[in-house]
Amino acid sequence: MDITSRVMALNAIRLQAWEQGKNLLDHAAGREMTAEERQEWDRINTHITELDAERDSLIAVEKRESENAKLREAQAHIFGDAGVQKRKDAEQDYFRQWLSAPRGSEMRSAAFEVDLQRVAKERALVRQGASGEEIRALAWDATSGSLVVPTSMARSLYEVLEANIAGFSMGCTILNTSTGENLQLPKLTTHAVATQVSGQGTTIAGTDPIFGRVDLNVSRYGEIVNVSNDLLSDAAFDIASWLGGDMGRALGRVIDADLIVGTGSGEPTGITLLAGAGTNAPVKTGGSLIAPTVEKFIDTQYSIADAYRPNAVWLMKDSTAGTVRKLRDGAGGTVGAFLWQPSLTQGVITGTPDRFLGSPVYADTNCAAQGSNAIVATYGDPSTYVIRQVGNPTIERDDSVRFATDEASFRAKWRVGGNHRDVGAFNNLVQNV
């Protein structure tokens with residue numbers, strides 16, 4: 001069975017588990033669950049979570065293998081199999097030359113830049129079904145007349161960052177800048193309002209839109225990895241891909257946390273921080289999350305401007321999603337049709353996530369867990385949140401600190417920022433009694 005078939009099978013099993021949960025909830029409709037029913041519901045939720053974890057790991061592999069296969073096919077068509085292998089070997093040789101360059105030499109003194117920008121363009125072309133000629137236009141550097149295919153390290157790093165940063169998959173706006181100075185973007189604070197023209201010769205009036213500014217500063221992120229020199233000298237070990245993946249996971253986790261819940265002071269302004277600021281007062285559950293707050297979720301949806309609702313998504317913690325699965329459309333969410341819509345194609349290329357009240361649901365481990373005054377769900381248009389990246393991540397090497405243990409230290413650095421262009425495009429649901 002191939003990966004896509006396995007993912008589809010897992011989604012089918014997941015749907016069966018969800019139907020079992022629905023039957024259990026139907027049996028307990030209108031009353032509190034018994035201890036046995038609660039235990040069974042928790043077991044079903046845990047099973048769904050386990051299926052999600054297996055599916056997501058397979059999805060990462062399938063997406064990487066599928067896209068890399070398309071790239072290999074396009075490059076082989078353009079350059080031939082031997083040419084592609086030769087250039088891949090050349091990339092590995094260049095990185096190993098940098099690793100083995102004498103300390104203090106010009107090559108060793110320079111930081112190794114990991115070209116994520118080119119990988120992002122490469123992936124975008126593949127996902128849009130680009131032709132071999134379009135991929136060739138990206139791969140070929142017209143200014144130098146030489147091939148500049150992204151290295152295996154860049155691809156590994158990008159794939160891991162994309163998997164660990166929710167903003168990349170949700171559809172946030174990505175802004176790349178070459179320098180890291182303070183950047184101010186315009187934001188609309190008040191929309192223009194036209195006036196009715198009562199008849200011919202009437203003066204046309206109306207109000208002008210009012211614009212403000214939003215600061216899009218960046219923060220510096222770093223990670224240090226220590227590697228045995230024996231491993232670095234092993235020609236059979238793909239050190240570039242390994243370093244890219246390891247550093248990507250470390251950077252991705254901390255960057256994602258700041259993009260979700262960052263305070264804006266020395267770090268990005270998180271998506272959930274300013275949601276509900278300005279004209280949108282956060283919606284409060286007025287009790288526990290589940291009983292009865294269906295109306296509050298609907299209130300949250302309609303608390304943002306209608307222009308943003310067509311593209312809006314839910315953002316919440318996995319455990320919260322497990323609770324929300326129980327909500328129905330009648331009697332305060334305890335009877336009637338279930339509002340959660342499982343997806344059979346979640347994770348499959350061109351597939352869709354689960355939906356709640358008609359909008360896609362994205363889960364992130366950095367969202368708050370259910371609790372008093374916690375932001376249990378955020379709703380809004382992710383394209384109005386801007387993630388700023390400054391250049392590419394760079395890697396530096398030092399042999400002095402770990403000299404006694406014969407290890408080399410690698411330091412990865414990257415500057416990233418994030419902020420809302422329109423806080424009115426998001427709102428929060430807060431669990432508050």
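Phe297 and Trp314 are both buried (buried means under 20% relative accessible area, exposed over 50%, partly exposed in between, with a 1.4 Å probe and protein chains only). The model is predicted: local features need pLDDT of at least 70, side-chain atom pairs count only at pLDDT 80 or more, and totals for chains, interfaces and linings use all residues. Residues are numbered from 1 along each chain as its sequence is written, and side-chain values use heavy atoms, with hydrogens and water left out.

**Aromatic pairs**

Rings of Phe, Tyr and Trp (its six-membered ring) pair if their centres lie within 6.5 Å; planes under 30 degrees apart count as stacked, over 60 as edge-to-face and the rest as tilted. This rule gives 6 aromatic pairs. The ring centres of Phe297 and Trp314 are 5.6 Å apart and the planes stand at 70°, so this pair is edge-to-face. It joins distant parts of the chain, 17 residues apart: Phe297 sits in helix α12 (residues 294-301), Trp314 in strand β11 (residues 313-316). Helices (H or I, at least four residues) and strands (E, at least two) are DSSP runs, numbered from the N terminus.

Trp314 also pairs with Tyr379: centres 4.5 Å apart, planes at 50°, so the pair is tilted. Here the link spans 65 residues, from Trp314 in β11 to Tyr379 in strand β17 (residues 374-380). Tyr379 is buried, as is Trp314. One aromatic cluster holds Phe297, Trp314, Trp340, Phe356 and Tyr379.

**The sheet**

An open sheet of 7 strands runs in the order β10-β20-β17-β11-β16-β15-β14, with mixed pairing. The edges are β10 and β14 (340-341); each has a single partner strand, so one side of each lacks a neighbour in the sheet. Two strands pair if DSSP finds at least two bridges between them.

| Strand pair | Sense | Bridges |
|---|---|---|
| β10 (residues 283-284) and β20 | parallel | 2 bridges |
| β17 and β20 | antiparallel | 6 bridges |
| β14 and β15 (residues 355-356) | antiparallel | 2 bridges |

In β20, Leu429 is the bridge partner of Val283, and Phe426 that of Gly380. In β15, Arg355 is the bridge partner of Gln341. Helix α12 packs on the sheet, touching β10, β11, β15, β16 (359-363), β17 and β20, and its direction makes about 160° with that of β20. Contact means heavy atoms within 4.5 Å. Axes are lines fitted to C-alpha atoms, for helices over the stretch in contact, and angles run from 0 to 180 degrees between N-to-C directions.

Strand β20 (residues 426-431) is mostly covered, with 6 of its 6 residues buried. Phe426, Asn428 and Val430 are buried on one side, and Asn427, Leu429 and Gln431 on the other.
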